[in-house]
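Trainee: I would like to learn how to read this model. Where do we begin?

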Amino acid sequence: MDTEPLLNPVIVREAPDWLAVNKPSGLASAALADGQGRRSVVDWLTETGRGADLPERGLVHRLDTGTSGLLLIAKTLETYEHLREEWRARRVEKRYRARVRLTSPFNSPLPFRIDWPIGHDAKSKKKMKVVQAPEHARRLRGKPQPAVTWIESLEPTGDGHATVLVRIETGVQHQIRAHLSALGLPLEGDSLYGGTPAPRLGLHAEFLSFKDQDGLIQSLTCPAPF
């Protein structure tokens, strides 16, 4: 009987106190709330003996299961706390490559800023909802969260789709997926937000820049597979 090969991250750069990996699409960052027990980056860290006794084995942030790309992991508690504070203070630069469906022409000048708040859709346990008008907030579970996304570039590919370079200032759940869908640019492979069918989600975290504990800027690049 054939079995599917295990999905594992690929190390992009390793320092004495932190590790950056390229997470493949289909591999969860951490254990999922749905209880399906899908393999995760945290499982891989446990298997390789990294991040012992740290929250989620040192995982500093998360990517959606379908999203591939750069994930940062701390090896020590001091580094974990430092990097988490960098994230909370919005001092980390994060860029993503997305493949989207063009449901209508996008003619806005670039870079284009999206600042609609995002909250949990009251009618769905999985979906997030963009608040484009005050009355939309009534359709949420709980309060909406501030969310800022920038479209840096958009290049049509001639097949009704486009490749988009995105920068985010915040990290709300499903932020890029929800913001782009609300603009009429749903991600390829994202059935939850109106995207066309595809073997994988068209989203990849390709660039991270952060300040380490020595005050040095660390810039990491991981080219998108599409």
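Mentor: With contacts. A contact means heavy atoms within 4.5 Å. By that rule, and leaving out residues up to four places away in sequence, serine 25 touches Leu7, Thr65, Gly66, Thr67, Ser68, Arg200 and Leu201. This is a predicted model: local features need pLDDT of at least 70, side-chain atom pairs count only at pLDDT 80 or more, and totals for chains, interfaces and linings use all residues. Residues are numbered from 1 along each chain as its sequence is written, and side-chain values use heavy atoms, with hydrogens and water left out.

Trainee: Where is serine 25 found?

Mentor: Serine 25 sits in the loop between β2 and α1. Helices (H or I, at least four residues) and strands (E, at least two) are DSSP runs, numbered from the N terminus. The C-alpha atoms of serine 25 and histidine 204 are separated by 8.5 Å, yet these residues are 179 residues apart along the chain.

Trainee: How many helices and strands does the chain have?

Mentor: The chain has 3 helices and 12 strands. Its radius of gyration is 18 Å, close to the 17 Å that the globule rule gives for 226 residues, so the chain is as compact as a globular protein of that length. That radius is taken over C-alpha atoms, and the rule is 2.2 Å times the number of residues to the power 0.38. Of the 226 residues, 46% count as buried. Among contacts between residues at least 6 apart in sequence, 58% join residues at least 24 apart.

Trainee: Which residues have the most contacts inside the largest nonpolar core?

Mentor: A nonpolar core is a set of buried Ala, Val, Leu, Ile, Met, Phe, Trp, Tyr and Cys residues joined through side-chain atoms within 4.5 Å. The largest one has 31 residues, and Tyr96, Val100, Ile151, Leu180 and Leu185 have the most contacts inside it. Elements giving two or more residues to this core include β4 (93-101), β9 (149-156) and α3 (175-182). A second, separate core has 15 residues, among them Ala15, Leu72, Trp87 and Cys222.

Trainee: What does isoleucine 151 touch?

Mentor: Beyond four places in sequence, isoleucine 151 touches Phe106, Leu110, Pro111, Phe112, Ile114, Val164, Leu165, Leu180, Leu183 and Leu185.

Trainee: How many residues of α3 are buried?

Mentor: α3 is mostly covered, with 6 of its 8 residues buried. They are Gln175, Ile176, Arg177, Ala178, His179 and Leu180. Just after α3, glycine 184 takes a positive phi of about 85°.

Trainee: What should I expect of the backbone?

Mentor: Most residues other than glycine have a negative phi, and most peptide bonds are trans.

Trainee: Which residues have a positive phi without being glycine?

Mentor: Aspartate 53 is one, with phi near 65°. Glutamate 56 also has a positive phi, of about 45°. Aspartate 53 lies in the loop between α1 and β3, and glutamate 56 is found in the loop between α1 and β3 too. Aspartate 53 is exposed because its relative accessibility is 79%. Glutamate 56, at 34%, is partly exposed.

Trainee: Where is there a cis peptide bond?

Mentor: Look from leucine 110 to proline 111: that bond is cis, with omega near 0°. Proline 111 is in the loop between β4 and β5 (112-114).

Terms used:
Buried means under 20% relative accessible area, exposed over 50%, partly exposed in between (1.4 Å probe, protein chains only).
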